[in-house]
Amino acid sequence: MSDGNNDWCTIESDPGVFTSLIESFGVKNVELSELWSLDDESLLSLTNPMEGVENASVHGLIFLFKWQSSHAGNTNDNSPEEETGKALVGEDVPNDLFFAKQGADEKVVDDENGRRLVLGSTLSNFKSFTSHFPPDLRGEAIGSSDEIRTAHNSFGRAEDAFLSDPSKPKRIATDDDDVFHFVAYVPNDKDECVYELDGLKEGPIRVGSYKKEGEDGNSTLQWVQVARDSIQNRLSHYSPTEIKFNLMAMVQDRRTYLTERLNSLAAIGRVEVGGVVD
């Protein structure tokens, strides 16, 4: 799977970049949307993205934060891991939850728990190939995949000179640098629990539960609120002046809603392809 060059660059935590990245893998019908607030109104905008659309799919959240030594695992009693639960390993991990343990040279591990999305051949084949691997070997497989690494590195920045000139060394982060890390949050409808996927842990972490068939009928909003509470808990361990965070949601591509609406109007003779009839 590998050409021997295992270098991975860093990429911008930008919804456009991440959407283009997953589309390069063949993923369809989803996009990344940035969240600027964790209040209920902002979360509701994910499930009601436009007029006439309710309880829309939210496949996962991707949270970027500045790495702190307390996240490494040998933590004090007030660490985020101690408050959200231990990493699940072995038979404790739900069968339909795909988790990969991050290798030393990897920067991002993406996870899809797909409902309405089309995963595409690249990720579908990879998921099938590694389905019986333990998390550490899955991480190694990601790090050794030329196809995934090439797509990822195509979004590299100018300072990653080693991408265009292999003779130039990679810049190694120092103690003076801000080092950032991604984690993901996904729902699992089978056990009605929300999981934090952190590639630096031994396994997924169960952060809370939700009702698939809630009283208000909006199970998507319920699980997103559970994830929100976990993120807020993590934020509480930073200085109030710290602002270097980023949160993106993997949501249904809005173009699919517009296409469905146009098709519905076309079916009753209100519009035609290329123009308006009525």
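This is a predicted model: local features need pLDDT of at least 70, side-chain atom pairs count only at pLDDT 80 or more; totals for chains, interfaces and linings use all residues.
Y238 sits in the loop between helix 7 and strand 6.

The wider picture comes next. The protein chain holds 8 helices and 8 strands, and 45% of its 278 residues are buried. Among contacts with a separation of 6 or more, 73% are made by residues 24 or more positions apart. The accessible surface of the chain comes to about 15100 Å², and carbon and sulfur atoms account for 48% of that area.

Strand 1 (residues 30–35) runs antiparallel to strand 6, and 6 bridges join the two. Within this pairing, L32 has M250 as its bridge partner. Strand 2 (residues 58–66) is likewise antiparallel to strand 6 and is joined to it by 6 bridges. Here I62 stands opposite M248.

The side chain of H181 makes a polar contact of 2.7 Å with the side chain of D198. Beyond its neighbours within four places in sequence, H181 is in contact with several residues, including F63, L64, F65 and W67, as well as Q102 and L200. T220 belongs to helix 7 (residues 219–235) and is also buried, with a relative accessible area of 6%. Leaving out residues up to four places away in sequence, T220 touches T47, N55, A56 and V58.

Side chains of opposite charge can pair when their charged atoms come close. How many salt bridges does a search of the whole structure find? The search finds 8. One of the salt bridges joins the side chains of E242 and K66, at 2.9 Å from N to O. This pair links distant parts of the chain, with E242 in the loop between helix 7 and strand 6 and K66 in strand 2, 176 residues apart. Both E242 and K66 are buried.

A salt bridge also forms between the side chains of K101 and E202, at 3.3 Å from N to O. It too connects distant parts of the chain: K101 lies in the loop between helix 3 and helix 4, E202 in the loop between strand 4 and strand 5, and the two are 101 residues apart. E202 counts as partly exposed, at 48% relative accessibility.

The salt bridge between the side chains of R149 and D146, at 2.6 Å from N to O, is a local one within helix 6 (residues 146–153), where the two residues are 3 apart, about one turn of the helix. R149 is buried, with a relative accessible area of 3%, whereas D146 is partly exposed at 22%. Finally, E23, D253 and R255 are linked in a network of salt bridges.

Note on methods: Residues are numbered from 1 along each chain as its sequence is written. Side-chain values use heavy atoms; hydrogens and water are left out. Helices (H or I, at least four residues) and strands (E, at least two) are DSSP runs, numbered from the N terminus. Buried means under 20% relative accessible area, exposed over 50%, partly exposed in between (1.4 Å probe, protein chains only). Contact means heavy atoms within 4.5 Å. Accessible areas come from the Shrake-Rupley method with a 1.4 Å probe; for residues, only the protein chains shown count as cover. A polar contact is a pair of N or O atoms within 3.5 Å; within protein, one must be able to donate a hydrogen and the other to accept it, and residues adjacent in sequence count only if both atoms are side-chain atoms. Two strands pair if DSSP finds at least two bridges between them. A salt bridge is a side-chain nitrogen of Lys or Arg within 4 Å of a carboxyl oxygen of Asp or Glu.
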